[in-house]
Amino acid sequence: MSDAGAAPHKQDFEEVLDRSDKSVAAFEGHEKNLMDRLQHFLHGNPTMVPVIVLAISIIAFGFIAGDRFFSAFNLSLIMQQVSIIGILAAAQSLVILTAGIDLSVGANMVLASVIMGNLGVQLGLPAPVAIGIGFICGALAGALNGFLVTKVRLPPFIVTLGTWNIFFALNLWLSGAQSIRSQDIDAQAPLLKFFGESINIGGAQFTFGSMLMVLIFAVLWYVLNRTAWGRHVYAVGDDKDAAELAGIRTSRTLVQVYALAGLVCGIAAWAAIGRVGSVSPQSFQEANLQSITAVVIGGISLFGGRGSIIGPLVGALIVGVFNSGLRLAGVDVLWQVFAIGWLTIIAVAMDQWIRKVSA
Amino acid sequence: MTVQPILTARGLVKRYGRVVALNHADFDLYPGEVLAVIGDNGAGKTTLIKAISGAIRPDEGEIRLDGQKVDFRSPLEARDAGIETVHQTLALSPALSIADNMFLGRELRKPGFRGRWLRALDRDKMEEVARQKLNELGLLTIQNIRQAVETLSGGQRQGVAVVRAATFGSKVIIMDEPTAALGVKESRKVLDLIQDVKSRGLPIVLISHNMPHVFEVADRIHVHRLGRRLCVIDPKKHTMSDAVAYMTGAMEPPVEAAVA
């Protein structure tokens with residue numbers, strides 16, 4: 001560019017710039033070993049890490065546990081088993097992408113399911129109304145988290161640690177710590193168990209709940225990658241101050257993220273009634289931590305702004321594959337928990353190793 | 001003066017606790033000019049710039065754009081009014097692509113059903129515009145407009161931020177220390193870019209510590225000292241050492257300059 005207008009202003013020492021070397025920097029291509037190549041490949045495609053781990057673990061357990069593991073029925077059963085944690089992991093991912101954390105997802109879901117059960121079964125409201133109110137309560141509970149994080153400026157960890165307990169207490173109060181029995185749901189509001197139903201394709205049994213999980217991830221993938229709002233979520237998680245200066249209403253985006261996560265918890269509540277078959281206030285007590293595990297194994301950075309929403313779906317499936325494979329191989333439950341613990345640590349260590357490479 | 005200033009500030013005050021960052025500061029920017037703002041560290045330059053770019057709200061005083069009183073509650077409002085700022089921190093999201101960053105907060109949507117109802121981004125269009133603007137302003141030759149900003153060098157990042165401001169600014173462009181982190185070559189490009197933007201008729205506010213740069217591109221120099229405007233000097237009538245003397249308090253400013 002340096003047009004004539006700018007030229008007279010140039011300072012003496014800059015005269016030589018016109019003669020400067022214009023070639024692009026080139027470096028000796030040092031021989032790369034396999035590990036370096038792998039590291040580079042994974043750096044460019046971080047989502048591939050959980051996918052590769054999933055593929056390897058399926059093949060490995062196929063050898064260890066044999067045909068019982070590798071059957072269409074068992075693989076679809078794994079989908080069913082992880083569906084609720086998977087949906088919660090989708091909600092959790094949204095919050096973690098903004099560099100937050102939501103410890104209340106599980107409690108929020110159980111509270112919403114108790115509300116759906118109370119309204120639909122005990123008060124006898126039409127099931128769609130009960131479910132709709134459950135969704136709204138889930139979203140409002142999420143919005144409360146968002147409000148406390150943005151307006152009261154409390155750390156997400158503290159806010160959701162508090163609301164986790166609050167939602168749990170409310171759920172015990174509303175339910176009287178009593179489950180709503182399966183046959184009562186069938187009699188009053190069978191729609192509540194919709195997501196427990198399934199279709200059979202060649203021995204594989206796909207529940208509507210597992211399809212719902214895949215659908216939710218697909219929708220969120222679209223929203224995060226193909227809409228402006230999704231880009232804002234990443235920008236806020238990446239560098240909140242920069243996003244604010246770049247003209248994003250960061251507080252509003254954050255409240256929306258927490259509210260959407262709450263709504264997804266509400267949807268998970270409906271699916272959970274179908275999966276369990278009853279409304280149980282004492283169920284899913286560890287769901288929040290399991291959802292975080294799935295997100296971390298799925299390669300989403302806890303520092304925000306990085307990772308694909310597809311990762312946690314794969315992460316949830318990895319956990320399911322490990323549990324199923326180890327169980328079929330006759331390993332005690334405690335070793336399943338042991339394995340998932342190591343898996344989480346290894347996943348984060350891998351993540352650090354991949355990020356270390358310079359692009 | 002017969003020409004009306006495009007952007008003025010009168011009596012701006014901003015306190016942070018007991019620290020007074022702005023103490024009844026005034027500011028005038030005329031159409032088509034490059035106004036440099038210089039001052040010692042802690043003189044309140046950045047606070048002044050933040051006030052006119054909407055990043056903070058002054059406690060007192062008023063700001064007028066085109067003669068109209070404005071009260072920006074956020075950078076977004078200042079931006080909508082046509083004031084674009086290149087912040088010292090650049091305000092780029094490292095993990096997002098160059099195109100995503102250029103259009104952050106003002107993304108283009110696809111036409112028709114997909115854009116209107118599915119809110120789909122028009123990525124092709126945004127990438128095309130981003131590539132075109134970067135080439136047009138000759139700042140960098142980037143192979144891949146989709147690469148993350150964190151993979152760029154400091155100079156290239158600066159370039160993206162400057163091009164973003166130049167693309168979308170319609171009234172005023174503010175640059176806070178645009179050459180501070182740059183090498184000789186990159187600084188030259190940014191200075192050329194400032195001339196380029198000026199030749200399109202857009203006024204520029206340039207905050208800088210670099211006296212040669214300031215004296216090269218500025219039409220007028222606003223000297224900021226102790227939270228307020230000390231004087232405005234003409235770079236053709238004053239030397240660099242005069243400017244430094246005024247801003248550090250080593251010398252009293254000339255009487256006529258205090259009014260200008």
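Helices (H or I, at least four residues) and strands (E, at least two) are DSSP runs numbered from the N terminus. Axes are lines fitted to C-alpha atoms, for helices over the stretch in contact, and angles run from 0 to 180 degrees between N-to-C directions. The model is a predicted one, in which local features need pLDDT of at least 70 and side-chain atom pairs count only at pLDDT 80 or more, while totals for chains, interfaces and linings use all residues. Residues are numbered from 1 along each chain as its sequence is written, and chains are lettered from A and ligands numbered from 1 in the order in which they are written.

Two strands pair if DSSP finds at least two bridges between them. Strand E1 (residues 7–16) of chain B pairs with E2(B) in the antiparallel sense over eight bridges; B:Thr8 stands opposite B:Asp28 in E2(B).

Two loop residues of chain B deserve a look for their backbone angles. B:Leu90, in the loop between strand E6 (83–86) and helix H3 (98–102) of chain B, has a positive phi of about 75° although it is not a glycine. B:Leu90 counts as buried because it has 24 C-beta neighbours inside 10 Å. A residue is buried if 20 or more other C-beta atoms lie within 10 Å of its own, exposed if 12 or fewer, and partly exposed in between, with C-beta atoms placed from the backbone. B:Glu177 is likewise not a glycine and has a positive phi, of about 50°. B:Glu177 is found in the loop between strand E7 (172–176) and H7 of chain B, and its 20 C-beta neighbours inside 10 Å make it count as buried.

Turning to chain A, its secondary structure comes to 15 helices and two strands. Its C-alpha atoms fill a box of roughly 90 × 50 × 35 Å, taken along the principal axes. Of the 359 residues of chain A, 47% count as buried. Among contacts in chain A with a separation of 6 or more, 77% are accounted for by residues 24 or more positions apart; two residues are in contact if their C-beta atoms, placed from the backbone, lie within 7 Å.

Within chain A, the axes of helix H10 (residues 228–238) and H12(A) come within 10 Å and cross at roughly 110°. That makes H10(A) roughly perpendicular to H12(A), a class that covers 65 to 115 degrees, whereas angles under 35 count as roughly parallel, over 145 as roughly antiparallel and the rest as oblique. Here A:His232, A:Val233 and A:Val236 in H10(A) meet A:Thr250, A:Thr253, A:Leu254 and A:Val257 in H12(A). The residues of this contact divide into four nonpolar, three polar and no charged. Ala, Val, Leu, Ile, Met, Phe, Trp, Tyr, Cys and Pro count as nonpolar, Asp, Glu, Lys and Arg as charged, and the others, Gly among them, as polar.

The largest nonpolar core has 175 residues, of which A:Ile87, A:Leu88, A:Met109, A:Val264, A:Ala268 and B:Leu206 touch the most other members. Such a core is a set of buried Ala, Val, Leu, Ile, Met, Phe, Trp, Tyr and Cys residues joined through C-beta atoms within 7 Å. Helix H12 (residues 250–276) of chain A gives the most to this core, with 17 residues. A:Ala268 has its place in that helix and counts as buried, with 36 C-beta neighbours inside 10 Å. Leaving aside its neighbours within four places in sequence, A:Ala268 is in contact with A:Ile84, A:Ile87, A:Leu88 and A:Met109.

Finally, the two chains meet through 30 residues of chain B in contact with 28 residues of chain A. Helix H2 (75–80), helix H7 (184–199) and helix H8 (211–217) of chain B each supply at least two residues of the side of chain B that touches chain A. H7(B) gives the most to this side, with seven residues. The residues of this side divide into 13 nonpolar, eight polar and nine charged.
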